[in-house]
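I set out to record what I looked up in one protein chain. The entries follow in the order in which I took the topics.

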Amino acid sequence: MAASITPSLRSALERLKHAGSVNGLLLCWRRQILINLLPFEEFRAERLLQALHDARAHFASGGDRDVKTFWFGYEGVFVLALFQGECLLITLHSHASEVDFLRRVGLTFLEDTQLLVQTLLQPSPDDEISREETQPLGALDDDGLPPHASGPTNIIHRHGRAEPGSIH
């Protein structure tokens, strides 16, 4: 499943790369690079990723600030870093006037692709055990409802079984 999600996520980033004056993008999860579309080597992308996480940790060390956006200006290029959940999107762009637009686009991208990133990082198991733990919706009772629809909710977790009658 993750193999089919990765091209979709990469194509969404490629489309984002053509928004405004974007020169490069980097999508990260925690301190790991997922997709690198920056115009320089991998080790430089890793240094940028680590520097941004360290800067965020520095501002949060007092406990009163949770920085979700950084924007730096250098000669000829700007860096916009957007943190959302455990994901980080880094955008290099060349026009300062587009920062608000790129921020909105980047946050929309991160919101829309959370399911893709989640599936990429934690693919659902495709084995015999998971198929046995799942009840197909095709088995309907006389009222046209799934079995036990009026009874308690049973939630089956990916890594364990819920007790019958428990609601989480």
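The entries below cover the model itself, the cores, one histidine, the aromatic rings, a hairpin and a pocket.

**Entry 1. The model.** I am working from a predicted model, in which local features need pLDDT of at least 70 and side-chain atom pairs count only at pLDDT 80 or more, while totals for chains, interfaces and linings use all residues. Residues are numbered from 1 along each chain as its sequence is written, and side-chain values use heavy atoms, with hydrogens and water left out.

**Entry 2. The cores.** I looked up the largest nonpolar core, which has 20 residues. A nonpolar core is a set of buried Ala, Val, Leu, Ile, Met, Phe, Trp, Tyr and Cys residues joined through side-chain atoms within 4.5 Å. Buried means under 20% relative accessible area, exposed over 50%, and partly exposed in between (1.4 Å probe, protein chains only). Leu9, Leu13, Leu25, Leu27, Leu89, Phe109 and Leu110 touch the most other members. Two or more residues each come from helix H1 (2-17), strand E1 (22-29), strand E4 (77-84), strand E5 (87-93), helix H3 (99-112) and helix H4 (114-121). Helices (H or I, at least four residues) and strands (E, at least two) are DSSP runs, numbered from the N terminus. Another core, of 15 residues, lies apart from this one and includes Ala45, Leu48, Val67 and Leu88.

**Entry 3. Histidine 53.** Is histidine 53 buried or exposed? I find histidine 53 buried, because its relative accessible area is 13%. Histidine 53 belongs to helix H2 (residues 42-60). Leaving aside neighbours within four places in sequence, histidine 53 is in contact (heavy atoms within 4.5 Å) with Arg30, Arg31, Phe83 and Leu88.

**Entry 4. Aromatic rings.** I counted five aromatic pairs in the structure. Rings of Phe, Tyr and Trp (its six-membered ring) pair if their centres lie within 6.5 Å; planes under 30 degrees apart count as stacked, over 60 as edge-to-face and the rest as tilted. Phenylalanine 59 and phenylalanine 70 form a tilted pair, because their ring centres are 6.0 Å apart and their planes stand at 45°. This pair links distant parts of the chain, with phenylalanine 59 in helix H2 and phenylalanine 70 in strand E3 (residues 69-74), eleven residues apart. Phenylalanine 59 is partly exposed at 31% relative accessibility, whereas phenylalanine 70 is buried at 7%. Phenylalanine 70 also pairs with phenylalanine 83; with centres 6.2 Å apart and planes at 75°, that pair is edge-to-face. Phenylalanine 83 lies in strand E4, 13 residues from phenylalanine 70, and is buried at 3% relative accessibility. Phe59, Phe70, Phe72, Tyr74 and Phe83 form one aromatic cluster.

**Entry 5. The hairpin.** I noted that E3 and E4 run antiparallel and are joined by six bridges; two strands pair if DSSP finds at least two bridges between them. Two residues separate these strands in a hairpin, and glycine 76 in the turn has a positive phi of about 85°. Phenylalanine 72 stands opposite valine 79 in E4.

**Entry 6. A pocket.** Which residues line the second largest pocket? I listed Phe40, Arg44, Arg47, Leu48, Ala51, Leu52, Ala55, Phe72, Tyr74 and Val79. H2 gives the largest share of this lining, six residues. A pocket is an open set of points on a 1 Å grid over the protein atoms alone, where a 1.4 Å probe fits, with protein on both sides within 12 Å along at least five of seven lines; lining residues have an atom within 4 Å of a point.
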